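Me: Please go through this model with me and set each structural term against its definition.

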Amino acid sequence: MQTFRSKKRSIENAVPREIAGLWFLPLCWVFLLCSIPSALWSADWIYTVRPGDNLWNITERYAVSMRYWEPLRRLNQVQRPRNMPPGMRIRIPVDWLRLKPVPARITHVAGDARHRSSKSSTARPATAGAVLQLGDSVETGPAGSLTIEFADGSRLLVRPGSRLRLDTLRAYDGTGMVDTHLRLEHGGIESKVRPSVGPGSRFEIHTPAATASVRGTDLRVGSGGSDKITRVEVVEGRVGVTGKRRTRSVTEGFGIVVEPDKTPRQPRPLLPAPEFESPVMQLDRIPLRLRWSDVPGAVAYQVQVASDPRFETLLVDARTLDGGLPGIDLPDGHYALRVRAIDDSGLEGLDASARIELDARPEPPFAVAPGPGQVVRTAMPVFSWSEPAAADGYLFQLAKAPDFTDLILEMDDLAKPEAAAPTELVPGQYHWRIATRAGGEVGPFSDPQEFILRPAPESPALETPELGDERLALRWRAGTPGQRFEYQLARDTDFRQVIFSAITEAPEASVPKPDFGEYFIRIRTIDTDGFAGPFGPHQRLYIPPDTFWPAVVPIVLGIILVIL
């Protein structure tokens with residue numbers, strides 16, 4: 001024991017007394033920090049004094065309680081609280097400000113969209129003008145959307161197939177600062193958030209994988225699928241995206257991907273906007289078929305069509321590879337269009353905007369015959385098409401050129417879904433189209449149908465048959481390469497009693513010599529596409545007997561019958 005005490009005493013003697021006494025300093029700092037009023041840690045809202053203001057009415061108007069008037073006086077070193085000069089700046093900690101619940105409002109609805117109150121388990125159809133309270137939720141179907149306006153004027157578009165809950169809807173009374181927290185369970189939203197007006201303003205969007213903290217920006221947030229990945233795209237401003245206790249700042253023109261229970265990936269540039277040939281697309285077809293320039297790196301494109309240029313009433317929100325939108329049917333009218341390229345991570349790029357002028361009614365019929373590329377063999381072809389339910393009549397056009405600048409035939413008073421060329425057409429390539437007339441209005445033309453008029457192949461002239469001892473040789477003029485020939489040998493001129501028929505590629509044939517008697521021969525050409533032309537005039541062929549007996553016997557029998 002003595003040894004231990006001596007060692008302790010020697011150590012204390014070795015350390016200067018001034019340093020040994022500093023062990024209590026950390027405790028002092030802790031005590032000092034804990035004793036500092038919360039006002040020093042809280043962000044401050046600055047109020048500018050106006051004529052007639054005093055510290056009491058300012059406290060009553062903005063503070064949680066009147067008991068804060070004295071702390072406010074000390075914090076701002078106000079010497080004359082009853083007579084404050086206009087323009088004086090008063091610091092009020094955000095924690096001392098009075099909060100009140102503020103509702104949001106549905107401003108626009110399109111398609112299938114529902115609103116569920118926090119006080120009810122039953123969802124009802126969403127309607128424009130409906131008020132949304134804290135805890136309410138909205139849900140959109142595959143073809144539905146709605147727009148929500150918040151207390152500060154921020155607007156949020158809920159895209160098709162989404163579910164959004166309003167977790168927090170509060171405002172600091174009289175300050176213009178709002179505190180909004182939304183939970184996107186699945187789907188996508190597009191928001192235009194008003195710039196923050198003070199340190200208490202918050203606009204946060206929570207998803208299963210991340211939280212996006214917004215302070216005045218134009219952004220898109222998507223969450224969904226079996227992987228529950230969150231994608232955030234910043235079109236304007238800056239957003240803080242947090243995942244698994246790690247926050248990344250995403251600036252304008254960048255996007256970020258966050259997987260559940262993982263830190264956010266590095267932000268990556270958004271793909272540039274596609275380019276349109278014209279700011280106005282004039283369309284006359286349903287379904288819509290859109291055109292734009294390809295964007296390098298794009299794996300698909302997102303197409304949105306709205307009835308207003310602010311895209312508050314979203315009518316179409318579809319993904320496409322080539323601009324085709326099957327199944328989309330819109331009434332004739334004027335629409336706003338925007339298109340984004342999508343990269344291999346699923347991030348949607350910057351918008352390309354245009355207008356659509358749709359005039360597709362009454363819709364044109366479907367062309368039936370002649371079909372595309374069909375070879376027609378008659379010089380006076382007959383055209384046919386489908387019959388739309390509302391059609392009063394049809395307009396028919398025939399031309400040589402696909403742009404119909406050289407009309408050959410036009411009929412504008414057709415009552416039936418068919419037309420026939422009134423005169424013979426010369427061989428060649430033709431194009432035809434039809435339009436529907438309904439209610440005194442003529443709709444757009446159908447897509448041009450091309451056909452080829454080719455005359456039927458002529459039947460070759462048959463040379464005089466050569467009769468041998470055992471065979472009958474036939475010859476005729478050769479045709480063009482690839483043509484074939486069909487020949488027939490019959491006992492009657494109507495060729496009901498055909499005794500021999502064959503097809504050959506050579507302009508000649510050899511058949512077994514038929515028995516004694518009268519026969520008829522005809523021939524026709526089969527063209528390279530398989531079309532068989534008409535048979536030519538038949539030729540009479542007489543096969544004599546090998547001896548005279550076949551001819552004499554009938555005569556002798558006849559004489560005997562007469563004598564008897």
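This is a predicted model: local features need pLDDT of at least 70, side-chain atom pairs count only at pLDDT 80 or more; totals for chains, interfaces and linings use all residues.

Reply: Residues are numbered from 1 along each chain as its sequence is written, and side-chain values use heavy atoms, with hydrogens and water left out.

Me: What makes the set with I148 and F150 a nonpolar core?

Reply: A nonpolar core is a set of buried Ala, Val, Leu, Ile, Met, Phe, Trp, Tyr and Cys residues joined through side-chain atoms within 4.5 Å; buried means under 20% relative accessible area, with a 1.4 Å probe and protein chains only. The largest such core has 34 residues, and I148 and F150 touch the most other members. A second, separate core holds 26 residues, including M281, L290, A352 and L358.

Me: Which residues does F150 contact beyond its neighbours within four places in sequence?

Reply: Contact means heavy atoms within 4.5 Å. By that criterion, F150 is in contact with A104, L156, L166, L169, T180, L182 and F203.

Me: Why are β21 and β23 called edge strands?

Reply: Strands are DSSP runs of E with at least two residues, numbered from the N terminus, and two strands pair if DSSP finds at least two bridges between them. The open sheet has the order β21-β25-β24-β22-β23, with mixed pairing. β21 (280-283) and β23 (314-320) each have a single partner strand, so one side of each is left without a neighbour in the sheet.

Me: How do you know that β22 and β24 pair?

Reply: Seven bridges join β22 (residues 300-306) to β24 (residues 333-342) in the antiparallel sense, and the requirement is at least two. V303 has V339 of β24 as its bridge partner.

Me: What makes the space lined by F150 and T180 a cavity?

Reply: On a 1 Å grid over the protein atoms alone, a cavity is a set of points where a 1.4 Å probe fits but cannot get out, and lining residues have an atom within 4 Å of a point. The structure holds one cavity of 30 Å³ or more. The largest cavity contains about 40 Å³, a volume being the space filled by probe spheres set on the points. Its lining includes V102, P103, F150, L169 and T180. The largest share of that lining, three residues, comes from β12.

Me: Where is V280 placed, and which residues does V280 touch?

Reply: V280 is in strand β21. Not counting residues up to four places away in sequence, V280 touches R355 and E357.

Key: Buried means under 20% relative accessible area, exposed over 50%, partly exposed in between (1.4 Å probe, protein chains only). Helices (H or I, at least four residues) and strands (E, at least two) are DSSP runs, numbered from the N terminus. On a 1 Å grid over the protein atoms alone, a cavity is a set of points where a 1.4 Å probe fits but cannot get out, and a pocket is an open set with protein on both sides within 12 Å along at least five of seven lines; lining residues have an atom within 4 Å of a point.
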